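Hello,

Here is the structure I promised to pass on. My notes follow below it.

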Amino acid sequence: MKTIYIMWLRELKRYLRSKSRIVGSLGQPVLFLLALGYGLGSTFQKAGQGNYIDFLAPGIVGMTIIFTSIFSGIQVIWDRQFGFLKETMVAPVSRFNIMIGRTLGGATIATIQGIIVFCLALIPGFRPQNWFMIFPLILIMLLVGTMFTALGTAIASQLEDMQGFQLIMNFLVMPLFFLSGAIFPLSGLPPVLVLITKFDPLSYGIDAFRILLSNSGVYSLTLDISVLVIITLIFLSVGSYLFSKVQI
Amino acid sequence: MSNIIEVKNLKKQFGDFTAVNDISFEVKAGEIFAFLGPNGAGKSTTIKMLTTLLSPTSGSIILNNNNPVENPNAVRHSFGIVFQDPSLDDELTAWENLEFHGVLYNIEKGLRRKRIEELMKFVELWDRKNSLVKEFSGGMKRRLEIARGLLHHPKILFLDEPTIGLDPQTRNHMWTYLEELNKSEGITIFFTTHYMEEASKIAKRIAIIDHGKIIATGTSEELQIKTETSSLEEAFLKLTGNVIREEGANATDKLRAHRQWRGGGKR
């Protein structure tokens, strides 16, 4: 328990100390929110889909979470490069606990970023239908954050250096984000795309956000949560297995 | 005195490359033991196997009566280590780095805080306890790492080229401290270095490794008599030859080069 706590605390301290990381990682979601929100808003409305900002905001919260959490997971490579990983690897504690602590830390950071973006989305006029839904929303944010930090850790355990980072961004994170229904509705898509979005775990996260915030999801909350829990458990087991096999 | 480290027929292969080839040696409890060899000879690989970071291809290791492969956590409790490259968290303060270590090694809070204060005073960093490690010089980082390696009162302290990049003052201070600790606490010290003078002066026994094999062991005098030379440096060169060794760039070097090339990075 202590191991998990101290690893979690370390992630959080590092996050709170790098102000540039906090501000920097908010730039992209805000840009998406404003550029897409205002840029496509009127077209979206004319197509009879309602207010685009209301639709987009949960998607951008999801985007913030996937980017932040995968990046947190990838930090394993950074720790390997700059030596700190060795310190944790020679410590007499189980690597499973180290991995869990790191992952929960990453998930917490992602959730904080998600909440900040949620608040920023209020400025261009986004309003949740029921403010009390924020509490279950935060729990689902944590779940999605845990899922993707574990995925990031699993991948990072297999990589020697940061060279593969662009590969992960372009062939994993970007597709997961664009094919999740974060920026377009999942209804009325070509069948191939429908199939792909069904395999994208992020779409269930964003769908759950939409159900809670604007009551407009395409799946049911039960399905969303079940899929998220199952995928999170899979990623956690794979991630902790690969992390425990890391040799320096 | 009993042996605290016993290595028998230890071997490590990476693909076709044999980094450590069938080595055997013992280190007695309370001894200061130096492990010398040219770059790429297998020193760091051996230390990694002794400290549970790598699993051997074959052969056996007994460290403080435990096997690192079968019982890694018992072994991990019994040693402290100062790595060749810094392994501190730059974004945490000096004190936080030690606190983190203390929690991982499950040292009870009161005792932990007391030892952190003692050790930080000892390495003369107590007045900098709340500074972030990234503000520290190389020597200060080394001192902090030594303090950290000793925090859980290990039986063995591994030092992988601990004095590299340190000025003579810091080096001297460090060894005085470590020798004192060796005498008062009986802590076994296992170190590697490229400074032959240092090895000759500090180590009670020396092993010379080259191309993954131990080619000589003994005291500095024994090695000199054996090779009919008058200093350890000459003995070392006679044993290992004058050819300069090439070592493959590791991932960190590659990354640093990459960052420099991109014009970014603080390092």
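Ile81(B) stands opposite Phe158(B) in β6(B). Four bridges join β5 (residues 79-82) of chain B to β6 (residues 156-160), and these strands run parallel. Strands pair if DSSP finds at least two bridges between them. From β5(B), Phe79(B) and Ile81(B) point one way, Gly80(B) and Val82(B) the other, and all are buried. Buried is 20 or more other C-beta atoms within 10 Å of the residue's own, exposed is 12 or fewer, and partly exposed lies in between; C-beta atoms are placed from the backbone.

This is a predicted model: local features need pLDDT of at least 70, side-chain atom pairs count only at pLDDT 80 or more, and totals for chains, interfaces and linings use all residues. Residues are numbered from 1 along each chain as its sequence is written, while chains are lettered from A and ligands numbered from 1 in the order written.

Now chain B as a whole. It has ten helices and nine strands. These are DSSP runs (helices H or I, at least four residues; strands E, at least two), numbered from the N terminus. Of its 267 residues, 40% count as buried.

On to the partner. 26 residues of chain B are in contact with 22 residues of chain A. Contact means C-beta atoms, placed from the backbone, within 7 Å. α2 (72-78), α3 (94-104) and α10 (251-261) of chain B each supply at least two residues of the side that touches chain A. α10(B) gives the most to that side, with four residues.

Best wishes

Technical notes:
Two residues are in contact if their C-beta atoms, placed from the backbone, lie within 7 Å.
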